[in-house]
Amino acid sequence: MKNGLIVSCQPVPGGAMDDSSHVVGFALAALSAGAVALRVESSRYVSAVRAATEAPLIGLIKRDLEDSPVRITPYIDDVRELAKAGADIIAFDATDRVRPATVEALAQAVREAGKQSMADCSCIEDARRALAAGVDFVGSTMSGYTGGPEPIDPDIDLVAALRELTPRVIAEGRIRTPEQAKAAARAGAACVVVGSAITRTEHVTAWFNDALSEIYSPAPAPVVLSVDLGGTKTMAALVKAGDVLDTVVFATDRAGSPADWLQGIAAATAAWKGRYESAGIAVTGAVRDGVWRAMNKATLGIEGAFPLEARAFETFGVPVVAANDAQAAAWGEYKATSDRSDLVFITVSTGLGGGIISEGRLLRGIAGHFGQMHDPQAGNLALENRVSGTWIASEAKRLGHGCEPKDVFRAANAGEAWALSIVDGVARRFARLCCNIQLAIDPARIVVGGGVGLATGFLDRVTAEIAAIGPSAAPVLRAATLGAKAGIVGMADLALKHKKNLKSL
């Protein structure tokens, strides 16, 4: 069982398809179309499917327990029951939570039954423990389901991390399109599980119905609390259909902690309570699976990892999604026009960051952190150290001109040699970055924003530097259109997408 599709034949409990004949029908239809195995819930349905086919079966039993959050095959007796019903592989929750039976005990019970085991994991640590206990397969099944708001997309990063531990990886969880299945396979999954998108008619119908309802009977546009938490200031806004209804701006307490900043946002927006249905938070640094980490502590100091989405959900009481601020701005710029070609967004302001839109999808994680690329001409320092407003101001001070970046640009445009040397140097390094991005990603356009990026004359200088380089494929540069509200608008739309996805789960 490898290099193929596993179809999860689990009807909606209590739904119209919740009987053995339908489950068997789903299973045989999936196999006839090329599925290599099946994942089936309950000993009753495992037994029914086993009587109809010899194809590999992954069996599991779901229970809602009062004393444990573990739902998938929590008991040793469940293992024995599934083995007797005919399951070849027995799946169980392998997360590190309060549970009736340990992972080690469940793995041992599966072996004693003469079957193979699949550990449904939420993170790489779960997989390490499960493999140490002797499981045969590890899956990404539980990623995003152990606390806090559920993510939108499948956890492809976890699939890739699991592949570093073992080749026997099964990708599972929120895989709803052929493109997502291909991404999981490319990340190293031996098999890919798809469930709701194939066998839960109620869910698929709801997805299409919701999409059509937006056209045929559109509901009033929801209001979103959108926040841009920066190293200098924090902006919070109420956003409706891309329009900013209300805004509050206050200084970010750099001496505070992420928990302090959330409380500060809650206090500043207390009067808006009840006016918004979801929230989005854009931050400097990297956000993966709702967890926030610093990329450059000089911009905003964050120690270790902070569960931003989960803690924000507790603070605001509505679904929350978080993203890097430049990625949010990239999405805002993408949505601001009718052009749906791929783009790279780069913001040059206090620091240097960016976002990538590929095939209509925002790449998350650390994608677009161009400022953290090393500059070989500067002793391998991060490029942000020489392409940013911070560097412009520090270089001006070094030359005896203590002033802000806007003053440096004013002097450069007036022809003052000291300022020209600073601005032209930044333009030259930024031009090289744009050429390298074009070669690596080949976007249809590179959209440039930020106080430095949109400073008078900067893009003209960058264009001239690109012409001097004479690359084989010259990037097409465009000025950002949304200005300072790009991140706010983009983050609001990401929050709406997140909320729609939660409704469809």
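Helix α4 (residues 103-112) lies across β4 (89-93) and β5 (116-120). The angle between α4 and β4 is about 170°. Helices (H or I, at least four residues) and strands (E, at least two) are DSSP runs, numbered from the N terminus. Axes are lines fitted to C-alpha atoms, for helices over the stretch in contact, and angles run from 0 to 180 degrees between N-to-C directions. Contact means heavy atoms within 4.5 Å.

This is a predicted model, in which local features need pLDDT of at least 70 and side-chain atom pairs pLDDT 80 or more, while totals for chains, interfaces and linings use all residues. Residues are numbered from 1 along each chain as its sequence is written, and side-chain values use heavy atoms, without hydrogens and water.

## The barrel

Eight strands form a closed barrel, in the order β1-β2-β3-β4-β5-β6-β7-β8, with parallel pairing. Two strands pair if DSSP finds at least two bridges between them. From one strand to the next, the twist averages 25°.

β6 (residues 137-139) and β7 (residues 169-171) are joined in the parallel sense by two bridges. Gly139 stands opposite Ile170 in β7. Helix α6 (residues 156-165) lies across β6 and β7, at about 170° to β7.

## Helices α5 and α6

Helix α5 (residues 124-132) packs against α6 at about 30°, with the axes 10 Å apart. Therefore α5 is roughly parallel to α6. Angles under 35 degrees count as roughly parallel, over 145 as roughly antiparallel, 65 to 115 as roughly perpendicular and the rest as oblique.

Which residues make the contact? From α5 come Ile124, Ala127, Arg128 and Leu131; from α6 come Leu158, Ala161, Leu162 and Leu165. Seven of these residues are nonpolar, none is polar and one is charged. Here Ala, Val, Leu, Ile, Met, Phe, Trp, Tyr, Cys and Pro count as nonpolar, Asp, Glu, Lys and Arg as charged, and the others, Gly among them, as polar.

## Helices α14 and α15

Helix α14 (residues 405-413) and helix α15 (residues 417-441) pack at about 115°, with their axes 7 Å apart. So α14 is roughly perpendicular to α15.

On α14, the contact uses Val408, Phe409, Ala411 and Ala412. On α15, Trp418, Ala419, Leu420, Ile422 and Val423 take part. The residues of this contact divide into nine nonpolar, no polar and no charged.
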